[in-house]
Amino acid sequence: MAKNVLAEYLVLEASDFTKDGLESLIYWRDVKKSAVVFGGGLAILLAMSLFSLISVFSYLSLLLLFGTISFRIYKNVLQAVQKTSEGHPFKDYLELDLTLSQEKVQQLATVAVAHVNALVTGLRRLFLVEDLVDSIKFGVLLYWLTYVGALFNGMTCVMIGFVALFTLPKVYENNKQSIDTHLEMVRSKIQEITEKVKAAVPLGKKTETEKTK
């Protein structure tokens, strides 16, 4: 079967791109697979930072096409020499059902709409100062982001995020107890400061009358 023939050439499988598969990749359960995804993804991001998106897409597509054509010719020649009939080397992949069902599309749309509504509601609350302390914290975050923007462009931030995705979860897993202890200390300190600010600034919290409306 084509799947068995390709097993020694392909590292990733379709199951690696499910929720559990992606979790396994970022936690480096299989070092070989994670290294391929991490190295390949980082190489693509570096290429996109140096060249246009169209150029990167075109060259990657040409490379993929060259690889599949070469493999197809190689298998045809091998079958002719060995006088075997294994069929199309990509048969199993050509028969994969890649269509999205109507139920799946509706499910994705429902989730997307819920996230958009939550985002819009949250931004409205922050910009219209429903809670003064939360709006001030949001302002501090935006001010900090101006420095980030001055130091890094968007693609650099994406690359940093990609590297963090493949490093921080594993670091946290290996040092969970120590990290949780320090995070709890920081969270408690922030909560303490927030409560003091809210107590000192009446506008920072809703009155009981407003809460019952």
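Tutor: Exposed means over 50% relative accessible area, buried means under 20%, and partly exposed lies in between. With that cut-off, leucine 128 is exposed, because its relative accessible area is 66%. Please keep in mind that this is a predicted model.

Student: And where is leucine 128 found?

Tutor: Leucine 128 is in the loop between helix 6 and helix 7, and it is one of the residues of a nonpolar surface patch of about 820 Å², the others being Leu119, Leu123, Phe127, Leu141, Leu142, Trp144 and Leu145.

Student: Which helix gives the most to that nonpolar patch?

Tutor: Helix 7 does, with 4 residues, although helix 6 (102-127) and helix 7 (132-151) each supply at least two.

Student: Stepping back, how many helices and strands are there in the protein?

Tutor: The protein has 10 helices and 0 strands, and buried residues make up 16% of its 213 residues.

Student: What does the UniProt annotation "transmembrane region" cover?

Tutor: The unreviewed UniProt entry gives that annotation to residues 35-66 and 141-168. In the model, residues 35-66 are 94% helix and 0% strand, with their end C-alpha atoms 23 Å apart, while residues 141-168 are 93% helix and 0% strand, with end C-alpha atoms 21 Å apart.

Student: Okay, helix 4 next: what should its 30 residues span, and how far apart are its end C-alpha atoms?

Tutor: At 1.5 Å a residue, helix 4 (residues 53-82) should span 44 Å, and its end C-alpha atoms are 43 Å apart, so the two values agree. The helix is followed by lysine 83, which has a positive phi, near 55 degrees.

Student: Which residues are buried in helix 4?

Tutor: Val56, Phe71, Lys75 and Gln79 are buried there.

Student: On to the rings, what is the count of aromatic pairs?

Tutor: The count comes to 9 aromatic pairs. In one of them, phenylalanine 71 and phenylalanine 90 are tilted, at 5.6 Å centre to centre and with 50 degrees between the planes. That pair links distant parts of the chain, 19 residues apart, since phenylalanine 71 is in helix 4 and phenylalanine 90 is in the loop between helix 4 and helix 5 (91-94). Phenylalanine 71 and phenylalanine 90 are both buried.

Student: And why is the pair of phenylalanine 162 and phenylalanine 166 tilted?

Tutor: Their planes are at 50 degrees, with the ring centres 5.1 Å apart, so the pair is tilted; stacked would need under 30 degrees and edge-to-face over 60. Both residues lie in helix 8 (residues 154-174), 4 residues apart, about one turn of the helix, and together with Trp28 and Phe38 they form one aromatic cluster.

Student: What about salt bridges, how many does a search of the whole structure find?

Tutor: The search finds 6 salt bridges. Arginine 29 and glutamate 173 meet in one, at 3.0 Å from N to O, and this pair links distant parts of the chain, 144 residues apart, with arginine 29 in the loop between helix 2 (19-26) and helix 3 (31-50) and glutamate 173 in helix 8.

Student: Which residues are linked with Glu173 in a network of salt bridges?

Tutor: Arg29 and Lys170 are. Lysine 170 meets glutamate 173 at 3.2 Å from N to O, and because they are 3 residues apart in helix 8, about one helical turn separates them.

Note on methods: Residues are numbered from 1 along each chain as its sequence is written. This is a predicted model: local features need pLDDT of at least 70, side-chain atom pairs count only at pLDDT 80 or more; totals for chains, interfaces and linings use all residues. Side-chain values use heavy atoms; hydrogens and water are left out. The expected span of a helix is 1.5 Å times one less than its number of residues. Buried means under 20% relative accessible area, exposed over 50%, partly exposed in between (1.4 Å probe, protein chains only). Patches are made of residues with over 30% relative accessible area and no salt bridge: like charges are joined within 9 Å, nonpolar side chains (Val, Leu, Ile, Met, Phe, Trp, Tyr) within 5 Å. Accessible areas come from the Shrake-Rupley method with a 1.4 Å probe; for residues, only the protein chains shown count as cover. A salt bridge is a side-chain nitrogen of Lys or Arg within 4 Å of a carboxyl oxygen of Asp or Glu. Rings of Phe, Tyr and Trp (its six-membered ring) pair if their centres lie within 6.5 Å; planes under 30 degrees apart count as stacked, over 60 as edge-to-face and the rest as tilted. UniProt positions are given in the numbering used here, feature names are shortened, and annotations may be inferred rather than shown by experiment.
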